[in-house]
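Student: I am new to this structure and would like to know what stands behind the terms used for it. Could we go through them one at a time?

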Amino acid sequence: MATQQFLSSFKYSDSLTVVAISFCTAIVCEAISWLLIYRTNSYKSLKSSIDRAAKKLETMKTDQNPNKLSTKKSKTKKIDRVETSLKESSRDLSLFKFKSGAVVALVLIVVFGFLNSLFEGKVVAKLPFKPIGIVMKMSHRGLKGEDATDCSMVFLYFLCSISIRTNLQKFLGFSPPRGAAGAGLFPMPDPKTN
């Protein structure tokens with residue numbers, strides 16, 4: 001009870017509470033991902049095959065031999081094969097991560113619902129700028145009043161979740177493999193198909 005009174009008297013208590021809950025949620029989500037994905041042998045083999053293919057593709061593209069035209073066609077075919085293998089491995093990795101994504105999404109929905117009920121209609125932070133239209137709709141969501149610099153829990157939680165989880169993944173070494181960057185919901189278009 002004394003701790004709660006101390007925190008409520010602190011000027012930034014709501015903001016720090018949202019940031020702390022976001023940090024704890026990121027740790028829980030990464031622990032779930034580690035249990036379901038990162039510790040398995042199939043993930044490790046997919047990641048290593050993507051890393052090998054990315055390195056091989058990089059060396060093949062940088063290694064130029066302009067003297068022979070006949071080798072240029074065979075080299076292009078080899079590069080295409082490696083790119084296809086890299087795309088398939090990246091797709092398999094995305095599908096493999098999907099099962100953990102559902103559990104993580106459920107955790108995030110529960111935490112968001114808890115925070116939404118806890119901070120409904122409360123200003124948790126003040127923005128140092130007046131946001132543009134679509135950002136203001138999100139940053140001022142659920143708040144009464146016309147002060148555009150008031151920040152709701154939704155906006156602060158969204159910003160914290162994105163930044164903390166991404167940096168936590170990099171720190172723990174769980175970020176996607178280098179060659180898998182193009183894979184995902186919106187992969188880069190293949191220039192050869194145009």
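**Terms and values**

Tutor: Glu30 and Arg165 form a salt bridge, with their closest N and O atoms 2.8 Å apart. This is a predicted model, in which local features need pLDDT of at least 70 and side-chain atom pairs count only at pLDDT 80 or more, while totals for chains, interfaces and linings use all residues. Residues are numbered from 1 along each chain as its sequence is written, and side-chain values use heavy atoms, with hydrogens and water left out.

Student: What makes the contact of Glu30 with Arg165 a salt bridge?

Tutor: The term requires a side-chain nitrogen of Lys or Arg within 4 Å of a carboxyl oxygen of Asp or Glu. The closest N and O atoms of Glu30 and Arg165 are 2.8 Å apart, so the pair meets the 4 Å limit.

Student: Where in the chain do Glu30 and Arg165 lie?

Tutor: Glu30 is in helix H2 (residues 13-38) and Arg165 in helix H6 (residues 153-172), 135 residues apart. Helices are DSSP runs of H or I with at least four residues, strands are runs of E with at least two, and both are numbered from the N terminus.

Student: Is Glu30 buried or exposed, and is Arg165 buried or partly exposed?

Tutor: Buried means under 20% relative accessible area, exposed over 50%, and partly exposed in between, with a 1.4 Å probe and protein chains only. Glu30 has 2%, so Glu30 is buried. Arg165 has 22% and is therefore partly exposed.

Student: How many salt bridges are there, and which residue pairs with Asp92?

Tutor: The structure holds five salt bridges. In one of them Asp92 pairs with Arg91, the closest N and O atoms being 3.6 Å apart. Asp92, at 33% relative accessibility, is partly exposed, and Arg91 is partly exposed at 47%.

Student: What does the salt bridge of Asp150 and Lys126 tie together?

Tutor: Their side chains meet at 2.7 Å, N to O. Asp150 lies in strand S2 (residues 150-151) and Lys126 in strand S1 (residues 125-126), so the pair ties together parts that are 24 residues apart in sequence. Salt bridges with shared partners also join Lys126, Asp147 and Asp150 into one network.

Student: Why is Lys126 called exposed?

Tutor: Lys126 has 52% relative accessibility, which counts as exposed. Asp150, at 9%, counts as buried.

Student: Why is Ser100 called buried, and which residues does Ser100 touch?

Tutor: Ser100 lies in helix H4 (residues 70-118). At 2% relative accessibility, Ser100 counts as buried. Leaving aside residues up to four places away in sequence, Ser100 touches Ser33, Leu36 and Ile37, where contact means heavy atoms within 4.5 Å.

Student: What makes a set of residues a nonpolar core?

Tutor: The members are buried Ala, Val, Leu, Ile, Met, Phe, Trp, Tyr and Cys residues joined through side-chain atoms within 4.5 Å. Of the 18 residues in the largest nonpolar core, Val18, Leu115, Val124 and Met153 touch the most other members. H2, H4 and H6 are the elements that give two or more residues to this core, and the largest share, eight residues, comes from H6. A second, separate core of 14 residues includes Tyr43, Ile50, Leu57 and Val82.
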